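Load the model and follow along.

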Amino acid sequence: MPTRRKFLTTSAASLAALAVGPSAEAVALPTRPVVGKPLVISTWDTGLVANLGAWKVLSKGGRALDAVEAGVMVTEAEQNCCVGLGGNPDRDGIVTLDACIMDEQFNCGSVAALERIKHPISVARRVMERTPHVMLVGEGAQQFAVAQGFPLEPQQLSPDAEKAYREWLKTSQYKPIVNIENSGSKKPVGPVGGANNHDTIAMLAQDARGNLSGSCTTSGMGFKMRGRLGDSPLIGSGLYVDNAVGAAAATGQGEDVIRIAGAHTVVELMRQGLAPKAACKAAVERIAKIKGAKARDIQVCFIAVSSQGQHGAFALQKGFSYAVCDAQNQQQLIQADYLLR
Ligand code: SD4
């Protein structure tokens with residue numbers, strides 16, 4: 001492990017202190033390593049609690065696909081979080097959600113611009129498993145979700161989103177904030193610091209059989225144009241899994257992740273022999289080169305896991321953290337290395 005990385009290792013007990021609402025129930029991690037290599041990593045500090053949801057599946061020998069769905073569902077259900085229906089709306093005041101999921105056999109599913117559904121990740125999985133398609137958007141995605149038995153939630157903003165939207169309406173300027181996730185503009189959630197301000201969670205898992213899967217779910221950039229999609233629901237941009245090579249996922253300025261088909265690029269770089277962190281770094285460098293001086297206005301971050309179970313991450317700017325849970329090290333929040341000094 002590079003010495004520059006600062007590790008924050010927390011026990012399951014101290015993670016209980018992070019608990020917010022019913023979704024953040026503490027899970028006792030096994031005291032002995034589980035046979036094989038279960039591992040889950042996810043973006044930002046909210047990943048710590050989400051990883052526990054995934055760990056419930058992985059620690060019982062469950063499938064990586066089930067783990068990455070269960071893990072991000074924890075965050076989607078969080079009332080006080082920007083991921084899911086608690087997130088910031090588009091500029092018309094409507095929350096629209098994007099999500100995708102991919103398994104170890106190149107099966108994938110996605111929904112985008114989905115309204116009033118609490119668990120877009122589960123709808124994405126249904127698209128994967130129960131339709132001949134990969135992606136459903138907007139009204140069609142919602143119709144499918146309802147037909148599959150997902151309840152329609154009320155169309156209303158969370159108190160925090162309502163407040164943020166009213167504030168935004170004063171200028172109506174679309175100006176994404178670098179590291180909004182860690183800006184502290186919302187209530188701090190616990191001893192790891194940071195703020196409950198995430199609009200996205202991406203998660204990658206490897207199960208005891210060595211199979212990889214990934215998920216990504218978001219309310220997208222706050223106050224975006226109506227109909228705007230970012231990288232998060234796009235297989236190859238926000239998420240990609242090739243079981244023989246590795247898995248990667250992105251968070252940050254979606255437009256710039258899309259420009260380089262980010263997650264797929266990271267996986268292809270691993271295929272060429274780069275370790276996960278080096279592959280993430282090379283992808284970030286590609287974006288920085290494209291953006292030039294404007295790179296300082298954005299944040300882009302990648303996480304990756306190789307088929308051998310190594311993990312790594314890299315960000316354009318300081319301030320990105322990712323959460324890791326494995327049988328050996330228990331829970332860690334790792335401050336990712338970054339390019340712009
Ligand atoms: C998007 N990539 O919609 C998402 C936003 C994000 O941290 O990841 N923010 O562009």
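## S213 and its surroundings

A polar atom of the S213 side chain sits 3.3 Å from the backbone nitrogen of L65. That is a polar contact, meaning a pair of N or O atoms within 3.5 Å where, within protein, one must be able to donate a hydrogen and the other to accept it, and where residues adjacent in sequence count only if both atoms are side-chain atoms. This is a predicted model, with local features needing pLDDT of at least 70 and side-chain atom pairs pLDDT 80 or more, while totals for chains, interfaces and linings use all residues. Residues are numbered from 1 along each chain as its sequence is written, and side-chain values use heavy atoms, with hydrogens and water left out.

S213 belongs to strand β7 (residues 212-218); strands here are DSSP runs of E with at least two residues, helices are H or I runs of at least four, and both are numbered from the N terminus. S213 counts as buried because its relative accessibility is 0% (buried is under 20% relative accessible area, exposed over 50%, partly exposed in between, with a 1.4 Å probe and protein chains only). Skipping residues up to four places away in sequence, S213 touches A64, L65, V68, M102, D103, E104, M203, L204, A205 and V241, where contact means heavy atoms within 4.5 Å. F106 is 107 residues from S213 along the chain, yet their C-alpha atoms are 9.3 Å apart.

## T43 in strand β2

T43 is part of strand β2 (residues 39-43) and, at 1% relative accessibility, counts as buried. A polar atom of its side chain lies 3.0 Å from the backbone nitrogen of A202.

Beyond its neighbours within four places in sequence, T43 is in contact with T200, I201, A202, T251, I303, F320, S321 and Y322.

## Nonpolar cores

Which residues have the most contacts inside the largest nonpolar core? They are I41, L204, V266, F302, I303, F320 and Y322, in a core of 51 residues. (A nonpolar core is a set of buried Ala, Val, Leu, Ile, Met, Phe, Trp, Tyr and Cys residues joined through side-chain atoms within 4.5 Å.) Helix α9 (residues 276-291) supplies the largest share of this core, seven residues.

Another core, of 33 residues, lies apart from it and includes A54, V123, A124 and L136.
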